[in-house]
Amino acid sequence: MENNFLASIFTKLQEIKKNAYAPYSNFHVASICKVGDEFFYGVNIENSAYPAGICAERSAICSAISKGHKKIDEIYLLTDSIDTATPCGICRQFMSEFMHNDDAKIVAFNNEGTCKIYLIKDLLLDRFTTKDLNNRG
């Protein structure tokens, strides 16, 4: 990936992370979902009834789906963590539904702008997919 592109993604993530609603954990997360040449944004949104919240990754994917997209090319992530943080298990499964390419990239940034690149197939080994639903006896 081009360094200028990643720098612009990081800058945008920093900007949208300010919109996160995290009054309980105080852990702010931003995500950008790339579909072709389009970008969709998401932030984590907590709720006093904890299970009712949504992670930034799923928020961004839902934004893309709301616009009619069903195939995600890449996902970018920025958290409040000093180190790069990877998506939670629920987000990994949710991403695998829409990242049809096993080599689809998840790019996780730390607060300094350093990133690590993961592939969906590595973040969710032996993932449950639609082929599992179609492979019933």
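S59 sits in helix α2, which spans residues 56-66, helices being DSSP runs of H or I with at least four residues and strands runs of E with at least two, numbered from the N terminus. This is a predicted model, in which local features need pLDDT of at least 70 and side-chain atom pairs count only at pLDDT 80 or more, while totals for chains, interfaces and linings use all residues. Residues are numbered from 1 along each chain as its sequence is written, and side-chain values use heavy atoms, with hydrogens and water left out.

With a relative accessible area of 16%, S59 is buried, a term that means under 20% with a 1.4 Å probe and protein chains only. Apart from neighbours within four places in sequence, S59 is in contact with Y41, G42, V43 and I54, where contact means heavy atoms within 4.5 Å.

The strand β2 covers residues 38-43, and α2 lies across β1, β2 and β3, running at about 140 degrees to β2; such angles run from 0 to 180 degrees between N-to-C directions, with axes fitted as lines to C-alpha atoms, for helices over the stretch in contact. The open sheet has 5 strands in the order β2-β1-β3-β4-β5 with mixed pairing, two strands being paired if DSSP finds at least two bridges between them. Because β2 and β5 each have a single partner strand, they stand at the edges.

The axes of α2 and helix α3 (residues 89-98) come within 9 Å and cross at roughly 25 degrees. The two helices are therefore roughly parallel, the word used for angles under 35 degrees.

Technical notes. Buried < 20%, exposed > 50% of the residue type's maximum accessible area, 1.4 Å probe, protein only. Parallel < 35°, antiparallel > 145°, perpendicular 65-115°, else oblique.
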